[in-house]
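Take a look at the model below.

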Amino acid sequence: MGEKKEKKLNKDIQRMLKGMMAQEEVRRKKAEVELWKRAGAPCLFFEALSRLTKHELDEIRKASGIPGMSALKKADLAKELSEFIPMIVRTLLYRWDEERYQVLGKVLFHGGIVPYEKMTPREMGTLSRYGLLFMASMKKRKFFSYQKT
């Protein structure tokens with residue numbers, strides 16, 4: 001391949017990569033806006049669960065080991081989880097490892113509200129998976145909140 005063709009090919013590839021990176025950034029920003037759009041605080045446990053998708057509620061149900069609710073509609077599942085999870089918190093705590101305890105301690109140390117910036121993605125998922133930590137926003141600030149029942 002000639003030197004001119006190779007330079008042109010490299011420029012075309014770089015332009016295409018920049019375009020792909022720009023598209024990914026736009027997609028990521030849209031996803032983040034959508035994610036935080038449904039967050040709000042303060043709210044009750046049922047309200048926080050109601051903001052989640054049916055799939056997210058099912059994931060919480062599975063992670064918590066709650067059987068027999070997969071056929072419920074979203075609103076019914078949120079209601080059942082809001083009543084059932086507080087009853088099984090002690091059982092969940094026995095199953096947790098040190099990492100989950102540290103995340104819970106961090107949240108409780110901050111009074112149940114931790115700024116978004118102070119949580120790693122892994123920490124965010126650790127308690128969210130069990131329906132014990134929710135995204136919230138207030139006055140344009142993003143944070144995670146432990147919902148009291």
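A salt bridge here is a side-chain nitrogen of Lys or Arg within 4 Å of a carboxyl oxygen of Asp or Glu. E25 and K29 meet this rule, with their closest N and O atoms 3.9 Å apart. The model is predicted, so local features need pLDDT of at least 70 and side-chain atom pairs count only at pLDDT 80 or more, while totals for chains, interfaces and linings use all residues. Residues are numbered from 1 along each chain as its sequence is written, and side-chain values use heavy atoms, with hydrogens and water left out.

Start with the layout. The chain has 6 helices and 3 strands. Both are DSSP runs numbered from the N terminus: helices are H or I with at least four residues, strands are E with at least two. The order from the N terminus is α-α-α-α-α-β-α-β-β.

Next comes the overall form. The chain has a radius of gyration of 21 Å, whereas a compact globule of 149 residues would have one near 15 Å. That radius is taken over C-alpha atoms, and the globule rule is 2.2 Å times the number of residues to the power 0.38. Along its principal axes, the C-alpha trace spans about 70 × 35 × 35 Å.

How much of the chain is buried? Of its 149 residues, 30% count as buried. Buried means under 20% relative accessible area, exposed means over 50%, and partly exposed lies in between (1.4 Å probe, protein chains only). The chain exposes about 10,300 Å², and carbon and sulfur atoms supply 59% of that area. The areas come from the Shrake-Rupley method with a 1.4 Å probe; for residues, only the protein chains shown count as cover.

A contact means heavy atoms within 4.5 Å. Among contacts in the chain with a separation of 6 or more, 56% are between residues 24 or more positions apart.

Now return to the charges. The salt-bridge rule gives a count of 10. Which positions do the partners take? E25 and K29 are 4 residues apart in helix 1, which means that about one helical turn separates them. E25 is partly exposed, at 32% relative accessibility.

Helix 1 spans residues 3-37, and K8 and D12 also lie 4 residues apart in it, about one helical turn from each other. Their side chains meet in a salt bridge at 3.1 Å, N to O. K8 is exposed, with a relative accessible area of 52%. D12 is partly exposed, with 29%. R15 joins K8 and D12 in a network of salt bridges.

Helix 3 holds a further pair. K54 and D58 form a salt bridge at 3.1 Å, N to O. The two are 4 residues apart in this helix (residues 54-63), so about one helical turn separates them. K54 is partly exposed at 25% relative accessible area, whereas D58 counts as buried at 14%.

Finally, the loop residue. Where is M69 placed? M69 lies in the loop between helix 3 and helix 4 (74-95). Its relative accessible area is 8%, so M69 is buried. Which residues does M69 contact, leaving aside its neighbours within four places in sequence? They are R61, L77, E80 and F84. K142 is 73 residues from M69 in sequence, and the C-alpha to C-alpha separation of the two is 31 Å.
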